[in-house]
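User: I'd like to go through a model with you and learn what the labels on it mean. Can you show it to me first?

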Amino acid sequence: MEKIGFIGMGNMATAIMKGLLKEFSPEDMIFSSAHEEKMEQVTRETGVPHAGSNAECARQAKYLVLAVKPQVLPRVFGEIKDVVTKDQVIISIAAGYTISDLTEGLGGQVRVVRSMPNTPAMVGEGMTGVCYDEVLFTQEEKALLHTLFTSFGKMELVEERLMDVVGSASGCSPAYVYMFIEALADGCVKNGLPRQMAYRMAAQAVLGSAKMVLETGKHPGELKDMVCSPGGTTIEGVAALEEGGFRSSIIKACDANYEKNKRLK
Ligand SMILES: NC(=O)C1=CN([C@@H]2O[C@H](COP(=O)(O)OP(=O)(O)OC[C@H]3O[C@@H](n4cnc5c(N)ncnc54)[C@H](OP(=O)(O)O)[C@@H]3O)[C@@H](O)[C@H]2O)C=CC1
Ligand SMILES: O=C(O)[C@@H]1CCC=N1
């Protein structure tokens, strides 16, 4: 098996590796990160060997996942651009970096896949936007990419012009959902529900509502209307949310994270 390598072993790489370990053995992977003791710890916990350095990881990996923060990428480019070749598949999960940025940063003679995953990958429920020029990759490579990205959730092939929007749809949105769950629980605690029960019920209500959207195919507005009994309690809450600018706030959040992509490099 040609190795899958990770440069950077933080939130996202850990989540992706956890998913991959359901499909591949530890020996099929290799990684490097910033600190020796952390690399030793990850190897102890997962059995995945570490390469000791980014350059060695880049040398050994056929599929190389760049999983450092955007601001760290230029340094990593400098460490691996003389090592990576066109025979490899370079996979970026970094926000804001285009395929052109990545190709240029790595010296021009590479084949790059750009992706935008999210942290629910940690529980196998990730949503990853992926873009790459299909003519550059073999069927085997494309099959491995599909296996990789679906080992920790769902994937959508996306035109690169929309990849920064994918940041709103899936990359950043879990943070907005966590804020909603926390606020919903606070509202329940305010009216007497025990906090941990409030978190469990709020989280399950979000999970169930998401499954309703995904599995019924109904428009979210129609599903909302199904909850709002005429003259009932829900519509009072809906009116309060509209008064508070609930929807426009979320749209503004999407604009904010979309615009920041341009300022990450
Ligand atoms: N978090 C998220 O929800 C998402 C993140 N992303 C993208 O994923 C990438 C990683 O994000 P995330 O996992 O959250 O970040 P983390 O900070 O959790 O992980 C980054 C990892 O890179 C390591 N690192 C730092 N410097 C170097 C270096 N010079 N060489 C090798 N490794 C290094 C860090 O080590 P140490 O901790 O020891 O410093 C850390 O383990 C980013 O580009 C981000 O845009 C994409 C989608 C979602
Ligand atoms: O906040 C960030 O920049 C990263 C990318 C998407 C989610 N987290």
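User: Let's start with Gly129: in which strand does it lie?

Analyst: Gly129 is part of strand S6, residues 126-131. A strand here is a DSSP run of E with at least two residues, a helix is a run of H or I with at least four, and both are numbered from the N terminus. Keep in mind that this is a predicted model, where local features need pLDDT of at least 70 and side-chain atom pairs count only at pLDDT 80 or more, while totals for chains, interfaces and linings use all residues. As for bookkeeping, residues are numbered from 1 along each chain as its sequence is written, chains are lettered from A and ligands numbered from 1 in the order in which they are written, and side-chain values use heavy atoms, with hydrogens and water left out.

User: What is the predictor's confidence in the chain?

Analyst: The average pLDDT is 96, and 100% of the residues score at least 70; pLDDT is the predictor's confidence in each residue, on a scale from 0 to 100. For the complex, the predictor gives an ipTM of 0.97 and a pTM of 0.94.

User: Why is Gly129 called buried?

Analyst: Its relative accessible area is 2%. Buried means under 20%, exposed means over 50%, and partly exposed is in between, using a 1.4 Å probe and protein chains only. So Gly129, at 2%, gets the buried label.

User: What makes S6 and S7 a pair?

Analyst: Two strands pair if DSSP finds at least two bridges between them. S6 and S7 (residues 153-157) have 5 bridges and run parallel, so they qualify. One example: Val130 has Leu157 in S7 as its bridge partner. Right-handed means that, with the strands pointing away from the viewer, the path from the first strand over the helix to the second runs clockwise.

User: Where else is there a right-handed β-α-β unit?

Analyst: S3, helix H4 (residues 73-80) and S4 make one. S3 is joined to S4 (residues 89-92) by 4 bridges, and the two run parallel. S3 also has 4 bridges to S1 (residues 4-7), again parallel, with Gly5 opposite Leu64.

User: Which residues of S3 are buried on each side?

Analyst: On one side Tyr63 and Val65 are buried, and on the other Leu64 and Leu66 are. In a regular strand the side chains alternate between the two faces of the sheet.

User: How do you know that the charged end of Lys265 sits over the ring of Tyr97?

Analyst: That end is 5.7 Å from the ring's centre. The rule asks for NZ of Lys or CZ of Arg within 6 Å of the ring centre and within 35 degrees of the ring normal. Lys265 is listed as sitting over Tyr97, so it meets both limits.
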